[in-house]
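Me: Got a chain open here. Can you walk me through it?

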Amino acid sequence: MLRPKIPTMPTPTGPVSRPAVIEPTAITPSTPVPPPTPVAPTPSRPVVQLTPGTALALVGASTAVVLVLGAVLVSLLLAVAITGASVAVCAVVLRSLLAYDAKRR
């Protein structure tokens, strides 16, 4: 019922060409070529020189980035702490309500 059917390989219907005959070629030795002399590499880009104004701007920008990232991380940590505290308060209130209901019966 569920037997796989293996396809049979069809016979070629078009004209069949014979494989090309490859004839070996003779290799003639030549005079060896001397290796090229090494050339000093040229720098691909110019050297960047920092002026005092550029260095000061770079320090100011990096300080601003560090302060912004610190503020974002501290606010995320504070949000997690507030959420945890509110979940704990809800758990205590629910526990006391359930205990009061069980005592009353």
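What follows is a quick run through the fold, the surface and a few residues.

Me: What kind of model is this?
Reply: It is a predicted model.

Me: How many helices and strands does the chain have?
Reply: One helix and zero strands.

Me: Is the chain spread out or compact?
Reply: Spread out. Its radius of gyration is 41 Å, while the globule rule gives 13 Å for 105 residues, so the chain is more spread out than a compact globule.

Me: What does the C-alpha trace span along its principal axes?
Reply: About 105 × 85 × 25 Å.

Me: And what share of the residues counts as buried?
Reply: Of the 105 residues, 0% count as buried. The cut-off for buried is under 20% relative accessible area.

Me: How much area does the chain expose?
Reply: About 11200 Å². Carbon and sulfur atoms supply 72% of that area.

Me: Switching to the helix. Where is Leu76?
Reply: Leu76 sits in helix H1, which covers residues 52-104.

Me: Which residues form a nonpolar patch with Leu76?
Reply: Val68, Val72 and Leu73. Together with Leu76 they have about 380 Å² of accessible area on the surface.

Me: Where does Asp101 go?
Reply: Asp101 is in helix H1 too.

Me: How far is Asp101 from Ala55?
Reply: Their C-alpha atoms are separated by 69 Å. Along the chain, Asp101 and Ala55 are 46 residues apart.

Me: Now the part before H1. Where is Thr51?
Reply: Thr51 lies in the segment before H1.

Me: Which side chain does the side chain of Thr51 make a polar contact with?
Reply: That of Thr54, at 2.8 Å.

Me: What is the accessibility of Thr51?
Reply: Thr51 has 44% relative accessibility, so it counts as partly exposed.

Me: How far is Thr51 from Pro36?
Reply: The C-alpha atoms of Thr51 and Pro36 are separated by 41 Å. The two residues are 15 apart along the chain.

Me: Last one, Arg18. Where is it placed?
Reply: Arg18 is also in the segment before H1.

Me: Why does Arg18 count as exposed?
Reply: Because its relative accessibility is 78%, and the cut-off for exposed is over 50%.

Me: And how far is Arg18 from Thr31?
Reply: 40 Å between the C-alpha atoms of Arg18 and Thr31, with 13 residues separating them along the chain.

Technical notes: Residues numbered from 1 in each chain as written. Predicted model: local features only at pLDDT ≥ 70, side-chain atom pairs only at ≥ 80, totals over all residues. Heavy atoms only, no water. Patch = residues over 30% accessible without salt bridge, like charges linked within 9 Å, V, L, I, M, F, W, Y side chains within 5 Å. Areas by Shrake-Rupley, 256 points an atom, 1.4 Å probe, with all protein chains shown as cover. Salt bridge = Lys/Arg side-chain N within 4 Å of Asp/Glu carboxyl O. Helix = DSSP H or I, 4+ residues; strand = E, 2+ residues; numbered from the N terminus. Buried < 20%, exposed > 50% of the residue type's maximum accessible area, 1.4 Å probe, protein only. Rg over C-alpha atoms; globule rule 2.2 N^0.38 Å. Polar contact = N/O pair within 3.5 Å; in protein donor to acceptor, adjacent residues only side chain to side chain.
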